[in-house]
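Student: Before we discuss the terms used for this fold, may I see the sequence and the structure?

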Amino acid sequence: MDKIIIEGGVKLKGEVDISGSKNAVLPIMAAALLTEEESIIENVPSLWDVHTMVKLLRSLGAKAILEEGILKIKPGNHLKPLAPYRLVKTMRASVCVLGPLLARLGEAEVSLPGGCAIGPRPIDLHLKGLEALNADINIQHGYVKIKTKKKLRGSEIYLGGAYGSSVLATDNVMMAATLSHGKTVIENAACEPEVVDLARFLKKMGAKIEGEGSPRIEIEGVRKLRGVNYRVIPDRIEAGTFMFAAAITGGDILIRRMEPGHLNAVIDKLHQAGVRIDKFKNTVHVRKNGRLKPIDITTLPYPAFPTDLQAQAMALMSVTPGISIVTEKIYPNRFMHVPELGRMGAKIILEGPSAIVHGVKKLSGAPVMASDLRASAALVLAGLVAEGATEVQRVYHLDRGYENLEQKLTSLGAKIRREKE
Ligand code: EPU
């Protein structure tokens with residue numbers, strides 16, 4: 001297992017390019033199964049999760065080749081309906097093959113993903129939506145087995161849960177509805193840019209979709225979809241992570257090949273924190289602007305502050321003078337980074353789904369353990385300002401979702417290296 005070692009204290013400076021979005025490309029890869037024809041997807045990041053999805057597509061019988069950011073997927077006419085535990089357990093996003101398999105084959109058998117380090121992650125909304133499209137659902141031996149009664153039939157579906165909308169449930173239902181008979185309306189649909197990107201991919205394939213990006217999506221089923229060429233949007237969470245990296249080190253970074261409009265809530269909070277951010281077309285310039293100020297953050301579905309940047313924001317708060325508060329409304333247990341930041345000297349008190357952060361003057365480098373992707377990113381950010389060396393262990397979490405993170409940080413001046421444990 002690898003570990004990352006960071007010598008803190010360098011103000012990051014320079015320019016960095018953002019990779020394609022992990023959370024956009026994974027459902028798009030699943031959506032490619034909706035036709036037998038070949039699709040070619042560009043701007044695909046080389047990430048562990050993307051490689052897992054490639055393996056899953058191949059195990060379903062599709063051809064999939066990823067070379068230098070270009071992914072070719074040819075599902076053909078001999079798909080199998082089974083997504084095995086072996087692959088699904090390593091990546092929850094595998095669950096988004098459920099909708100496309102059901103639509104193409106009339107059946108799907110997908111291992112239940114179970115929980116993960118950020119808390120329980122049920123799929124009841126996925127199942128509720130697919131059931132409303134006329135599918136029968138059976139849960140047996142850790143697998144969800146789903147079959148169409150006759151043909152999938154459009155329906156009006158309210159996709160709400162205890163925590164609001166669901167990104168991948170919206171994706172699953174939208175994908176299945178593209179080949180259903182008649183019209184489907186998804187109410188309380190997720191509005192995340194990754195859902196919009198999937199809808200744009202599906203529309204290019206010939207799907208009839210309206211309202212993506214709003215809480216009401218309408219889909220008129222079509223008989224067939226075709227293979228297409230498509231370029232995935234930039235990763236807003238990677239871009240946000242670099243914004244926090246600039247802020248926490250008091251640096252000066254130009255973040256390029258990104259979409260500033262996807263990060264309005266984050267840019268707003270960083271402004272409040274006293275960081276200067278200038279927005280351009282596909283670029284933001286982030287730099288120090290005097291003393292940092294405390295901020296309060298509540299994570300909520302898009303366009304509010306994203307849960308996937310909560311841990312990185314908390315790293316910044318932990319060295320910001322004063323008291324900052326984080327309230328996590330998407331995953332109330334997503335605080336695995338708190339005790340690790342504590343080992344570096346951060347003062348954070350957990351109160352239910354909130355964290356009260358008393359900013360300290362300095363963090364001190366320490367061996368810390370990554371627990372999930374975004375928690376790992378937060379520990380790397382903390383390491384960038386800590387005194388001395390920080391060793392982040394279990395970095396395979398980072399490899400799931402950040403392309404070339406050490407190389408990108410090194411190019412900005414950070415002292416960071418990877419070693420075998
Ligand atoms: N939920 C339910 N029932 C469901 C589905 C979700 O109660 O059937 C709840 C969840 O437990 C959670 C909330 O609804 O409390 C929102 O979860 P959502 O379904 O939107 O999450 P997801 O679609 O499984 C995606 C991202 C996550 C990101 C969340 C929230 C992908 C592959 N994953 O997950 O990304 O945190 O949306 O924005 O798109 C990450 O990249 O680190 C990551 C965890």
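Tutor: In this predicted model, strand 2 and strand 15 (residues 252-256) run parallel and are joined by five bridges. Within this region, Gly-14 stands opposite Ile-253 in strand 15.

Student: What makes strand 2 and strand 15 a pair?

Tutor: Pairing requires at least two bridges. Strand 2 and strand 15 are joined by five bridges, and they therefore count as paired.

Student: Why are strand 2 and strand 16 called edge strands?

Tutor: The open sheet has four strands in the order 2-15-17-16, with mixed pairing. Strand 2 (13-17) and strand 16 (276-279) each pair on one side only. The twist from one strand to the next averages 15°.

Student: Which helices pack on this sheet, and in what direction do they run?

Tutor: Helix 8 (residues 236-249) lies across strand 2, strand 15 and strand 17 (284-287), at about 170° to strand 15. Helix 9 (residues 264-272) touches strand 16 and strand 17, and its direction makes about 145° with that of strand 16.

Student: Why is helix 1 called roughly parallel to helix 2?

Tutor: Helix 1 (residues 22-31) and helix 2 (residues 48-59) pack at about 5°, with their axes 10 Å apart. The cut-off for roughly parallel is under 35 degrees, so helix 1 is roughly parallel to helix 2. Among the residues making the contact are Val-25 and Leu-26 of helix 1 and Val-50 and Met-53 of helix 2. By class, this contact has eight nonpolar, no polar and two charged residues.

Key. Residues numbered from 1 in each chain as written. Predicted model: local features only at pLDDT ≥ 70, side-chain atom pairs only at ≥ 80, totals over all residues. Heavy atoms only, no water. Axes fitted to C-alpha atoms, helices over the stretch in contact; angles between N-to-C directions. Helix = DSSP H or I, 4+ residues; strand = E, 2+ residues; numbered from the N terminus. Parallel < 35°, antiparallel > 145°, perpendicular 65-115°, else oblique. Contact = heavy atoms within 4.5 Å. Nonpolar A, V, L, I, M, F, W, Y, C, P; charged D, E, K, R; others polar.
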